[in-house]
Amino acid sequence: MRCCLVMDMSGTWLGGQDLYALMTTSAWFGKCLLLRGLISRALRVENLILASDPDREGEAIAWHIIEMLQQQDALNEDITVSRVVFHEITESSIKSALQAPRELDSNLVNAYLARRALDYLIGFSISPLLWRKLPGCQSAGRVQSAALGLICDREMEVEQFEPKEYWTVGVDFHVSQSHPLKNKTSIFSLLSHLDSRKLNQLSISSIIEAEAIKERISSSQFKVLAVKMGKVTKNPPMPYITSTLQQDSASKLNFSTTYTMKLAQKLYEGIKLSDKEATGLITYMRTDGLNISNEAANDIHSFVKERYGNKFASKNLRKYFKKVKNAQEAHEAIRPTNIRRLPSSLNGILDDDALKLYTLIWARTMACQMESLLIDTVQVDIGSMGGDLVLRSTGSKVGFPGYQAVYKDKEAGVNGNDDKVEDVTQACFDVLRKLKVEDQLSSGEVELRQHHTRPPPRYSEGSLVKKLEELGIGRPSTYASIMKVLQIVGLTGT
């Protein structure tokens, strides 16, 4: 059968004499040349398949196309109109979508119309006022204004902040000469209780108080009061959505949000691998959905077993759900279209920055279907014989690496640690673990450190995106443009 496919997931023409694809955006409707081309093709086909984005705006685009074609008498009774959705530009995904067509979702269309009505009633009324009061202001900028408000509020907090002085007291302890662990290593402890009172951050506020405590420590004898062993479980990170990808890219790769989305767009649109056609490397990158298709999740889970062993794969498939306000979750989470395409296999094919971003996405996707990281911990309380001074030492070591295995997979092209696990040497951990209650300890050097409280940090691009997401402000597609507008405002003052 002859058919015409209208989509906005890709800007390229699909092959085949009777299969067409063209880019549709909110500005597309004003382009008469494209409209005439679509009408001419619609008149010659039996099936019209609409494959715009699987979210509210995408549904509205499909609805608009039908409305326009009906107005132009380009849809006759013999034409079958259907709607398909897919989350990645791969042959298998598109074929699967074409095998499961559906009708337009009226709820999504009505949601779009309601949003448009609010713009008409509120935004279109406020904008003319701003044009009169603020020449050069193009719109109310409901999202940018909220973001700018957050930045201004934080700046006021920074300006009004008054630093406070405080001190910490640390001691290097040594076991007695008769102890089996003698001469192994020193044990560093921080003062936690003074005169049966637990200390908080500002408890020691001056050098005079700190020096007085130092004298008491130097003249006291100490013993081990308690040894507590424990385990900490760290679950794997959730797969990337737009906001978390931008945050991680900023903190780990030092990429701006705009540059991150530019690279992600490149990975999404695809590249040519050997003699094959262009292949999309990641799924759609403007998303607030954490879900991963069952087919993809099963493939990831299987690949984890193949590469790292059964014990590293989660016992069951992990499912993730969004907790942020107003999440549409129309798209999948950001993941590689083929998890078996290792970052190392793309060396020399992708440029350095694009490869770094792909590696970040690949490792995170693998990690989300792996077992948790297990950390063994030890906590030792050391007290004076009189019980008036108590100091605490802590240590940890990795008991089972779990999902951390993927971040140490140099063969796959990953060289980094996603979690900041406390760096304690094996020797120090073993010393703490082997101490027993009532063991005698002698105090060595007493270290007094001066500190000052700090104001809340100014927003970085990554932290601002995180705050906007927490407050339900903006959409995945708007974060990069918000940052760009705010930077322009900062440079020009308008």
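User: Let's start with a side chain: is K252 buried, exposed or partly exposed?
Analyst: K252 is partly exposed, at a relative accessible area of 37%. Keep in mind that this is a predicted model.

User: And which residue does K252 meet in a salt bridge?
Analyst: D248, with 3.2 Å from N to O. D248 is on the buried side of the cut-off, with a relative accessible area of 14%.

User: Where do K252 and D248 sit in relation to each other?
Analyst: Both belong to helix α7 (residues 242-253), and they are four residues apart, so about one helical turn separates them. In general, an α-helix has 3.6 residues a turn, so residues three or four places apart point the same way.

User: How many salt bridges does the structure hold?
Analyst: There are 20. One of them joins the side chains of K266 and D351, 2.4 Å from N to O. That pair links distant parts of the chain, as K266 is in helix α8 and D351 is in the loop between α9 and α10, 85 residues apart. K266 is partly exposed at 34% relative accessible area, and D351 is partly exposed too, at 32%.

User: What about R307, which partner does its side chain meet?
Analyst: D409, at 2.6 Å from N to O. R307 lies in helix α9 and D409 in the loop between β11 (389-400) and α11 (426-434), so this bridge ties together parts 102 residues apart in sequence. R307 is partly exposed, with 26% relative accessible area, while D409 is buried at 8%. There's also a network in which salt bridges with shared partners join E59, R83 and R102.

User: Switching to packing. Which residues have the most contacts inside the largest nonpolar core?
Analyst: I282, Y308, L350, W362, M366 and V406, in a core of 54 residues. Helices α8 (257-269), α9 (294-308) and α10 (352-367) each supply at least two residues, and so does strand β10 (373-384). The biggest contribution is from α10, with 10 residues. Another core of 26 residues lies apart from that one, and W167, L199, V224 and V431 are among its members.

User: What does I282 touch, leaving out residues up to four places away in sequence?
Analyst: A264, L267, Y268, I334, R335, P336, T337, Y358 and I361.

User: How about R154, buried or exposed?
Analyst: Buried, because its relative accessibility is 16% and the cut-off is under 20%. R154 is in helix α5 (residues 142-160) and touches P456, P457, R458 and Y459, not counting residues up to four places away in sequence.

User: One geometry check: what span should helix α2 have?
Analyst: With 16 residues (56-71) at 1.5 Å a residue, α2 should span 22 Å, and its end C-alpha atoms are 23 Å apart, which agrees. Just after α2, D73 takes a positive phi of about 55°.

How values were computed: Residues are numbered from 1 along each chain as its sequence is written. This is a predicted model: local features need pLDDT of at least 70, side-chain atom pairs count only at pLDDT 80 or more; totals for chains, interfaces and linings use all residues. Side-chain values use heavy atoms; hydrogens and water are left out. The expected span of a helix is 1.5 Å times one less than its number of residues. A nonpolar core is a set of buried Ala, Val, Leu, Ile, Met, Phe, Trp, Tyr and Cys residues joined through side-chain atoms within 4.5 Å. Buried means under 20% relative accessible area, exposed over 50%, partly exposed in between (1.4 Å probe, protein chains only). Contact means heavy atoms within 4.5 Å. A salt bridge is a side-chain nitrogen of Lys or Arg within 4 Å of a carboxyl oxygen of Asp or Glu.
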